[in-house]
Amino acid sequence: MTYQQEKINPYHTGEKTGQVELMFDNIAPTYDRLNHRLSWDIDRRWRRKAISLLKPYRPETVLDIATGTGDFAILAARMLTPVSLVATDISEGMMSIGRDKVEHEGLSSIISFVKEDCQQLSFSDNTFDAVTAAFGIRNFANLDQGLKEMYRVLKPGGHLCIAELTTPPNFPMRQLFWLYSHAILPVYGQLVSHDRSAYSYLTRTIEAFPQGEAMTGILQKAGFREAIFKRLTFGICTLYFATK
């Protein structure tokens with residue numbers, strides 16, 4: 001059993017991937033509104049900072065893993081102007097909302113949605129110039145396998161860019177974040193989405209996920225080189241950037 005499965009899986013019965021898929025299908029209609037409100041819209045700034053790391057490399061083919069409702073994919077298409085961007089997720093409910101947003105933005109010729117298990121991607125080796133993931137890899141049932149697949153589908157010299165929620169390392173933000181994530185986030189999540197467990201799950205995955213130097217070490221183990229990280233907003237979000 002991997003570190004990820006031991007530490008993060010909050011389900012003691014059933015198979016994690018199916019459970020996570022069902023959970024995100026259930027909260028899909030309120031997902032965007034909750035994300036923006038719970039982060040005071042700072043999540044939009046985090047996405048822009050992540051995508052700006054890729055701009056100097058001008059990737060023409062991009063794969064967005066755990067795309068959710070497509071916010072990161074849409075912004076990447078606007079900022080990077082790739083030839084094609086494939087957005088993948090295990091939740092059809094989330095991607096259905098994403099498809100509507102992409103059509104509304106007039107980006108259907110660039111962005112396509114495909115249901116994929118991140119641990120067994122259907123794409124050929126060395127397919128994409130860049131692989132991205134925003135606020136989703138902490139849900140992987142097997143982090144090591146998911147990263148190996150992301151490495152496999154990247155072209156040599158291609159880049160991986162990850163944005164993930166993390167626990168602030170220093171006082172007093174660490175304590176304030178604990179209070180917010182344990183007391184406020186689940187209650188507000190229940191009021192809006194009627195699913196308290198989903199936002200309690202969010203808290204557990206953030207706390208259990210490997211962060212900072214630990215995560216860059218895992219990236220290097222998966223084969224990536226030049227793995228670096230940058231903390232944003234006192235460490236509430238961390239960007240990871242690596243090269244194949």
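## A buried aromatic pair

W46 and F135 are both buried. This is a predicted model. The two rings form an aromatic pair. Their centres lie 6.1 Å apart, and 55 degrees separate the planes. That makes the pair tilted.

The partners come from distant parts of the chain. W46 belongs to helix α3, residues 42–52. F135 sits in the loop between β4 (128–134) and α6 (143–153).

## An edge-to-face pair

The count of aromatic pairs comes to five. One of them joins F123 and F128. Here the ring centres are 5.2 Å apart. The planes meet at 85 degrees, and over 60 counts as edge-to-face, so this pair is edge-to-face.

Are F123 and F128 buried or exposed? Buried means under 20% relative accessible area. F123 has 16% relative accessibility, so F123 is buried. F128 has 4%, so F128 is buried too.

## A charge over a ring

Y151 has a charged neighbour. The charged end of K244 sits over the Y151 ring, 4.8 Å from the ring centre.

## Cysteines without disulfides

A disulfide is a covalent bond between the sulfur atoms of two cysteines. How many disulfides does the count give? The count is zero. Take C237, which is in no disulfide. Its nearest cysteine sulfur belongs to C161 and is 9.7 Å away. A disulfide needs the two sulfur atoms within 2.5 Å.

C237 has a relative accessible area of 0%, so C237 is buried. C118 has 11% relative accessibility, so C118 counts as buried.

How values were computed. Residues are numbered from 1 along each chain as its sequence is written. This is a predicted model: local features need pLDDT of at least 70, side-chain atom pairs count only at pLDDT 80 or more; totals for chains, interfaces and linings use all residues. Side-chain values use heavy atoms; hydrogens and water are left out. Buried means under 20% relative accessible area, exposed over 50%, partly exposed in between (1.4 Å probe, protein chains only). Rings of Phe, Tyr and Trp (its six-membered ring) pair if their centres lie within 6.5 Å; planes under 30 degrees apart count as stacked, over 60 as edge-to-face and the rest as tilted. Helices (H or I, at least four residues) and strands (E, at least two) are DSSP runs, numbered from the N terminus. A charge sits over a ring if NZ of Lys or CZ of Arg is within 6 Å of the ring centre and within 35 degrees of the ring normal.
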